[in-house]
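Hi there,

Here is the structure I promised to pass on. Have a look at it first, and then read my notes below.

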Amino acid sequence: MADQKFETPKFRELRENPQIQEGAMAHSQPFIAKAEHNEPLGFPGELVENWEEKAVEKLGELLEKNKALRVYLDSCVKCGACTDKCHYFLGTGDPKNMPVARQDLLRSVYRRHFTTAGKLFPKLVGAKEMDKEMLDDWYKYFHQCSQCRRCAVFCPYGIDTAEISMAARDIMDHIGVGTKYSNEILAKVHVIGNNLGLPGPALVNTMEGLEEDVEEETGIPVKYPVDVEGADVLLITPSADFFAEPHVDGLIGYGKVFHQAGINWTVSSYASEAANFAMFIGSYEQMHKVSNRIRKAALDLGVKRIIFGECGHAWRVAYSFLNTFAGPWDFLDPKYPTPQHILEVTHELIQNGGIKLDASANDDKVLTFHDSCNVARATRMGNMEGGQFIIPREVIKASVNKFVDMDPQTTCEKTFCCGGGGGLLTDDLMELRVKGALPRMEALNDVIKNHGVTHMAAICAICKSQFTKVMPYYGFDMDMVVSVHQLVSEAIQMGAKETV
Amino acid sequence: MSALTIIYAVLFYFATAILIIGVATKVKSYATTPSPLKIPVMPAPMTRTGVVFRMFREVAFFESLFKSNRWIWILAILFHAGLLLALVRHIRYFIDPTWGWVVFIQPFGIYGGMAMVAGLLGLWARRFLVERVRYISGPSDHLMLALLVLIGATGLAMKFVARTDIIQVKVFFLGLLRFDLQPLPADAPLLIHLGAVATLMIVFPFSKLLHVPGVFFSPSRTQIDDAREKRHLAPWAAHMDADREA
């Protein structure tokens, strides 16, 4: 946005930690949700009376419901292991972006109201009241966490700041302080079925357009079906795949893969969204509601399998939570895990010869791969530990001849968030997004300079949108970002299969 | 019986009760609070056995800390391993006759005590020297280190500076175990040492020392990666199944 003035951070020569700059991001906060965004979700329209008590009460309720919160709030020893792990700290130097300091915003209130030490000796143990100043800090700094879990990898107790941020956001929503970005989108999902508010007829139109484009390009009538009852596969994909670049090239790729493998599929106009923004706001009830749109769509359409498109936080909710929210899946084909990731499907088809790829189709590119944070640290693919790192790389390598990995301190379980995850992909947080992308941009810069990398593949709608937006700030071309299935789409051999 | 003996006897009964009841209450709350969702930090083991190995590496070798920061890791290992050796050395005060393996480890306990103090001083130094760690350190963090250093230093002082009648110390503690009070030597280093230990025991369930039981209940480490195979459902959320359409 034009009124946001800030400097894009410089690449650090030796990746040294930034100097602490207190308050460096104290001005950063997302637009606050209005009553019209909150009320459809059952949250109060605006800051309630006696919100201080209500917030503490909600915290108490969450402590009863969530073991992680209880253990994490008690266990931190302030060792400092996490202090240099958050991309937002590395990009801004604001000390409240150190994971432990972010956690302490909630921990201090927990100590004041739920621990003996905090009630008796608040100063000694850093216990603080829930007051206006605290709420302001919560709103600012719990919206500078992208729930990427990188800190949790390095914490000796596995304390996951994402859990604490989610709890804080849940508490804030319950006293009437939510973000416009997430809450407005969630309301759209409940009414229309997807984040973008793309209604059924428009979806059909879009998909028909894709069919025409692909037929024109390949001469083959690849189908992009909507609401087909009795299809075998229900594809759940982020709505950005329906028209944003480079997302849509990935969707084109899924269609080609299904076509060549002879898989009969459909998307649903009722559940036309993979991303579950309720995770961002930490609301179990909302996550449950949104997830069960998928269950209903699967039942209504009578499908046998559910496959998810490329989306990071969506894959977390799908892989780790969907069985909890929307299972059991006893009405689906037990031969397949539910849900499956499109990359698992494509990978298996490559291995068993169900599809053929000609990697030379991508010889104009040198690829690297950005592990999406939530795929890397909150999910799996395939049937082996770490499959979420192996499978995307194998699919890329089958589609492209030239592939280079980035610095191992920035990939796989140690990957950095793109800077726009966790409900922060909004223009009102542009400065944060640009600065938070710093560690990834540095690692990308290395492989561009040293290995001539031309493109970076991603498997998350947020990563793709975030990178296309922030990369120009660092002097990179936004077209460098590609979907993995865009590469598959280029390389896949269409047409009749050779018979043996 | 001297007043001193009675004070210390009461202090240790009290401290032990607080430690046991306090930690048991906390452990019970950790164990019984449900996890609503599957949140293992991936890649995570796909079997229970795998999780046991993961936790063993975490607790015995501080695997994640090793990945994170070599300095903290070295100092933390020095402190914790040293403390463990020193604690083992102290078993002799509670068992008669002392077990053979404790006798064997006895001399290493001293090195343990030294390592412990060295590790603690290193960790403390970080709280002043590293800007980020200085920012996150509060009064209780410094006090906890001071208390532990005091325990280690007075312990070492009784070995190297002003020896105490350890035979009589053993008689005192065996007496406590049998509810038969025996006199405690009135030596300053010993009294400071024991006072600090009792303080630590009392503070334990109310402080960050809860990381000791906490680490065993951290869902991000203890959960098995099997979300697609097994439906995980918290009791408080089970009723929501009935509310959904279809």
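Let's start inside one helix: D104(A) and R107(A) both sit in helix 5 (residues 99–114) of chain A, three residues apart, about one turn of the helix. (Helices are DSSP runs of H or I with at least four residues, strands are runs of E with at least two, and both are numbered from the N terminus.) These two residues form a salt bridge, with 2.8 Å between the closest N and O atoms. A salt bridge here means a side-chain nitrogen of Lys or Arg within 4 Å of a carboxyl oxygen of Asp or Glu. Side chains of opposite charge can pair when their charged atoms come close. D104(A) counts as buried at 19% relative accessibility, and R107(A) is buried too, at 1%. (Buried is under 20% relative accessible area, exposed is over 50%, and partly exposed is in between, using a 1.4 Å probe and protein chains only.)

Before going on, some ground rules. This is a predicted model, where local features need pLDDT of at least 70 and side-chain atom pairs count only at pLDDT 80 or more, while totals for chains, interfaces and linings use all residues. Residues are numbered from 1 along each chain as its sequence is written, chains are lettered from A and ligands numbered from 1 in the order in which they are written, and side-chain values use heavy atoms, with hydrogens and water left out.

How many salt bridges does the structure hold over all chains? The count is 39. One of them pairs R15(A) with E442(A), whose closest N and O atoms are 3.5 Å apart. R15(A) comes from the segment before helix 1 (35–38) of chain A and E442(A) from helix 20 (residues 438–451) of chain A, so this pair ties together parts that are 427 residues apart in sequence. R15(A) is partly exposed, at 28% relative accessibility, whereas E442(A) is buried, at 2%.

Another one links R149(A) and D160(A), with 2.7 Å between the closest N and O atoms. R149(A) is in the loop between helix 8 (132–141) and helix 9 (150–154) of chain A, and D160(A) is in the loop between helix 9 and helix 10 (161–174) of chain A, so the parts they tie together are 11 residues apart in sequence. Relative accessibility is 1% for R149(A), which counts as buried, and 0% for D160(A), also buried. There is a network as well: salt bridges that share partners join R12(A), R15(A), D407(A), E442(A) and D446(A).

**Where the two chains meet**

Chain A brings 84 residues to the contact and chain B brings 62 residues; contact means heavy atoms within 4.5 Å. About 6,100 Å² is buried between the two chains, with 57% of that from carbon and sulfur atoms. (Buried area is the accessible area, with a 1.4 Å probe, that two parts lose on being put together, summed over both.) Five salt bridges are counted between chain A and chain B. In one of these, the side chains of R228(B) and E344(A) meet at 2.8 Å, N to O. On the side of chain A that touches chain B, helix 15 (residues 312–326) of chain A gives the largest share, nine residues.

**A look at chain B**

Chain B has 12 helices and zero strands. Its C-alpha atoms fill a box of roughly 75 × 45 × 40 Å along the principal axes. Of the 246 residues in chain B, 49% are buried.

F94(B) is partly exposed, at 36% relative accessible area. Leaving aside neighbours within four places in sequence, F94(B) is in contact with F173(B), L174(B) and L177(B).

**And the cysteines?**

How many disulfides does a search of the whole structure find? Zero, over all chains, where a disulfide is a pair of cysteine sulfur atoms within 2.5 Å. Take C86(A): the closest cysteine sulfur, in C148(A), is 6.5 Å from its own sulfur, too far for a bond. For C418(A), the closest cysteine sulfur is in C463(A), 4.1 Å away, and that is also too far for a bond. C86(A) is buried at 10% relative accessible area, and C418(A) is buried at 2%.

Enjoy exploring!
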